[in-house]
Each structure stands twice: as structure tokens, then as C-alpha cells.
Protein chains: 2
Amino acid sequence: MKLYDENMPAPNPRRVRMFLAEKGLTVPTVRVQLGKGEHKSPSHIARNALGQVPVLELDDGSTLSESVSICRYIEALHPEPPLFGRTPKEIGTIDMWIRRVEMQVMVPLGAVWVNCHPATEAYMKAMGVKRFPDYGEQNRARAFNRLEWLDSQMEGDFIAGDFSAADIVALSIVDFGAFIDIPIPPGARRLRAWHERVSKRRSAKA
Amino acid sequence: MKLYDENMPAPNPRRVRMFLAEKGLTVPTVRVQLGKGEHKSPSHIARNALGQVPVLELDDGSTLSESVSICRYIEALHPEPPLFGRTPKEIGTIDMWIRRVEMQVMVPLGAVWVNCHPATEAYMKAMGVKRFPDYGEQNRARAFNRLEWLDSQMEGDFIAGDFSAADIVALSIVDFGAFIDIPIPPGARRLRAWHERVSKRRSAKA
């Protein structure tokens with residue numbers, strides 16, 4: 001296996017690094033230089049037609065993209081400790097929460113990022129994609145609301161029962177929110193306690 | 001198990017029906033009357049805080065939401081035939097394609113649906129959510145482009161190797177696109193052949 005990772009903070013590659021750390025695994029890693037546009041180079045497009053990182057190159061030379069899919073592949077090869085659940089109910093519940101944090105929280109955060117954030121302005125212009133700042137602002141309010149909703153849904157120490165891939169995905173998203181000035185809402189005490197708990201794990205620094 | 005399904009065409013509940021049909025399973029079903037707003041009723045909100053269908057009620061009385069998560073739960077209980085893959089590589093690849101069709105194709109289709117389609121206008125107004133028709137139109141072009149991209153990525157008879165959950169998810173999305181007047185692009189011959197192939201399966205009528 002060989003992991004194509006990035007050289008700057010980005011939520012998706014971090015998930016794979018944290019997942020590997022939780023499994024106690026190390027994988028040879030190539031750092032794709034995003035600032036130099038290496039992820040859009042022909043050699044990287046051949047690995048992932050979407051020109052994104054992370055990408056995992058398998059031992060047969062084929063490649064796998066999408067952070068969560070790479071984690072599922074690793075889990076299938078290295079089942080312990082189980083991070084996608086062991087029983088049918090755990091498997092379903094962890095997947096549900098991965099989908100919910102991505103669809104409910106990451107999608108509006110992403111809309112703020114591409115429509116409002118100064119860091120994406122030049123890139124969007126170069127790609128010929130019009131920005132809609134008012135739409136982004138509506139999503140800023142929605143992201144805030146969805147973080148409060150996530151707080152209201154928290155029942156235990158972790159997102160979906162025991163510590164799982166759902167916590168890894170959620171941490172990457174919540175930290176991305178803070179990075180674009182949409183931090184955990186003041187009243188979201190359970191979410192804040194969860195964030196402190198998960199951020200303290202050694203894998204969170206990976 | 002008890003399935004809370006809908007009473008009108010919607011892409012997500014269809015996935016679970018098709019998945020069950022592929023497994024040869026039948027599950028007692030309650031049809032939630034979307035037209036009457038039953039999915040937003042307190043009793044349904046208690047099943048799914050997001051007020052969405054489908055929901056699967058498990059035998060212990062707990063509930064599971066999100067179409068793909070429900071399918072994963074069913075697969076864990078009834079592994080044959082495997083629709084989320086058997087080997088690590090199949091498991092990763094099928095998940096990758098589920099994520100790609102959802103993020104690349106369904107997200108822009110959804111943006112057209114909520115921002116431009118007449119059927120959602122009154123609902124969005126009632127929810128106090130502003131529509132951005134120009135943003136929707138940009139996403140219409142993007143959805144078309146992403147359907148062409150999906151066509152360019154097709155290598156075999158199915159989305160991710162053998163017939164899998166990725167075909168079920170993709171069929172629900174492609175048919176939703178046609179429903180909102182974003183059909184398969186004229187030049188997308190492989191995608192069209194795939195659509196005919198998958199639509200012919202008995203499960204596609206479930």
C-alpha cells in the first residue's frame with residue numbers, strides 16, 4: 001500500500017491518518033503538493049479522476065479514493081480494533097452518523113467554504129465557477145444550526161456508541177468548521193465535551 | 001423489523017426496497033403519508049430526528065435512518081448475495097462509488113431540486129429558506145457535466161465491478177435526475193446502456 005496524502009491541513013486526508021493511527025498502522029506516504037497543483041497533474045488524475053487526495057495505491061497497482069472508502073478497505077484488512085462496528089446494529093448506526101455529519105454539517109460548511117471564504121476565491125474564478133455569497137451566508141446559519149442539532153443528539157461519550165469512524169469523520173468536520181470561523185456554538189456543551197475528549201486522543205495529532 | 005416507507009416516488013426509500021428485493025426479503029412496511037406531513041409528526045420525529053424516510057425499526061424497538069445505512073444493516077444480517085462487496089478491494093471500491101454518485105451527482109441534483117423546482121417552492125417558503133435560482137441553474141449544468149463524467153468512468157456492465165449497492169444508489173439518483181428534467185446526456189452511451197440493464201432487473205420495480 002502507498003498513501004497519497006496532502007501537505008497542508010485538509011479534513012479528508014486527516015481522516016485516513018487518524019484511522020491508521022487508531023489501528024496502529026503506518027503506510028508509506030507520498031505528500032502531494034497541493035499548493036503547486038500536483039493533485040491536478042496528469043499522474044495524479046490517473047490515480048483519482050477527481051484530482052483529489054487522499055488516494056491509496058493498492059499492492060496490485062490499482063487505486064482507491066474517498067477517505068471513508070480507504071478506511072473501510074483498511075478495516076477489512078485489519079479488523080482490530082473495529083471502527084465501523086461489529087454487530088449489524090453497530091454497523092448500521094456508525095454508518096448513519098457518518099452520513100449525517102457529512103450531509104447535515106459538512107455540506108453546508110462546504111457551501112460556505114466555496115462561496116464565501118477568501119481562500120477559495122481565486123480557485124473558483126480560475127475554474128469559471130460563479131460564487132454565490134448570499135447562498136453561502138444562508139449555509140453559514142444552517143451549519144451553525146446543524147452543529148446545535150448534533151449537540152442535541154449526543155447521548156454518550158462518542159457520536160455512535162463506542163469510539164468509531166464516525167468520531168474521526170465528525171472531528172475532521174468540526175475542526176474544519178472552526179478553521180473557517182464556524183466554531184462549536186456556545187451552548188453546545190455536549191459537543192464541546194466530545195470535541196475535547198476526541199481531540200485528546202493521540203491519533204488526533206496524526 | 002418494520003420499515004417506514006413513503007407513499008410517493010422518492011429516491012432514498014426506493015434504495016431500501018430495491019435492496020430488499022435483491023436479497024429476496026420482505027419486511028413489514030408502514031407507508032408514511034408524505035403529502036399529509038406525517039414524516040414531520042412527533043411520532044415520526046421520535047423515529048428519525050431529521051423527519052425523513054426511510055426508517056427501519058429494529059426488533060429491540062430502536063430505529064435506524066439513512067437509506068444506505070439501513071441497507072448495510074440488512075447486509076450484515078443477510079450477507080447473501082453480497083451487495084457491499086466481499087473482498088477488501090470490493091468493499092472499498094463499492095463504497096467509493098456510492099460516495100461519488102452521491103457527492104458528485106446527487107448533491108448538484110438536490111441543489112436544482114430545492115432552488116429551482118416548482119414542487120419545492122411552497123415547502124421552502126414555509127420553512128423560511130430562501131431559494132437561489134441562479135445557484136440552482138449553475139448546479140443544473142454541473143449535474144449534466146457530472147453525469148457525463150460518470151459515463152466516462154464506466155468500465156464494465158455495472159458501476160463498481162459486479163452488480164452492487166452502488167448500482168442501486170446510482171439508479172435512484174439517475175432516475176431522480178430524469179424526474180427533475182436532467183436526463184442522461186445524449187452522448188452518454190455507456191451510462192444509458194447501464195441504465196437500461198439495471199432498470200430491467202425485477203428489483204428496480206420494487
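Student: What should I know before I start?

Tutor: The model is predicted, so local features need pLDDT of at least 70 and side-chain atom pairs count only at pLDDT 80 or more, while totals for chains, interfaces and linings use all residues. Residues are numbered from 1 along each chain as its sequence is written, chains are lettered from A in the order in which they are written, and side-chain values use heavy atoms, with hydrogens and water left out.

Student: How are chain B and chain A related?

Student: How do I read the interface?

Tutor: The size of an interface is often given as the accessible area lost when the parts come together. Buried area is taken with a 1.4 Å probe and summed over both parts. Chain B and chain A bury about 3400 Å² between them, with 61% of it on carbon and sulfur atoms. Counting contacts (heavy atoms within 4.5 Å), 40 residues of chain B touch 40 residues of chain A. The copies meet through the same surface, because 100% of the interface residues of chain B are also interface residues in chain A.

Student: How many salt bridges are there between chain B and chain A?

Tutor: Side chains of opposite charge can pair when their charged atoms come close. The rule asks for a side-chain nitrogen of Lys or Arg within 4 Å of a carboxyl oxygen of Asp or Glu. Between chain B and chain A the count is eight. One joins B:K89 to A:D60, at 2.6 Å from N to O. As for the elements involved (DSSP runs, helices being H or I of at least four residues), helix 4 of chain B gives the most to the side that touches chain A, with 13 residues.

Student: What do salt bridges within a chain look like?

Tutor: Over all chains, the whole structure has 30 salt bridges. A:R14 pairs with A:D175, their closest N and O atoms being 2.7 Å apart. This pair links helix 1 (residues 11–23) and helix 7 (residues 165–179) of chain A, 161 residues apart.

Student: Are those two residues buried or partly exposed?

Tutor: Buried means under 20% relative accessible area, exposed over 50%, and partly exposed in between (1.4 Å probe, protein chains only). A:R14 is buried at 17%, whereas A:D175 is partly exposed at 24%. In chain B, the side chains of B:D95 and B:R72 also meet in a salt bridge, at 2.6 Å. B:D95 lies in helix 4 and B:R72 in helix 3, so the pair ties together parts 23 residues apart in sequence. Both B:D95 and B:R72 are buried.

Student: Which residues have the most contacts inside the largest nonpolar core?

Tutor: In soluble globular proteins, nonpolar side chains tend to be buried together. A nonpolar core is a set of buried Ala, Val, Leu, Ile, Met, Phe, Trp, Tyr and Cys residues joined through side-chain atoms within 4.5 Å. The largest has 106 residues, and A:I159, A:W194, B:I159 and B:W194 have the most contacts inside it. Another core, of six residues, lies apart from it and includes A:Y135 and B:Y135.

Notes. Buried area = accessible area lost by both parts, 1.4 Å probe. Helix = DSSP H or I, 4+ residues; strand = E, 2+ residues; numbered from the N terminus.
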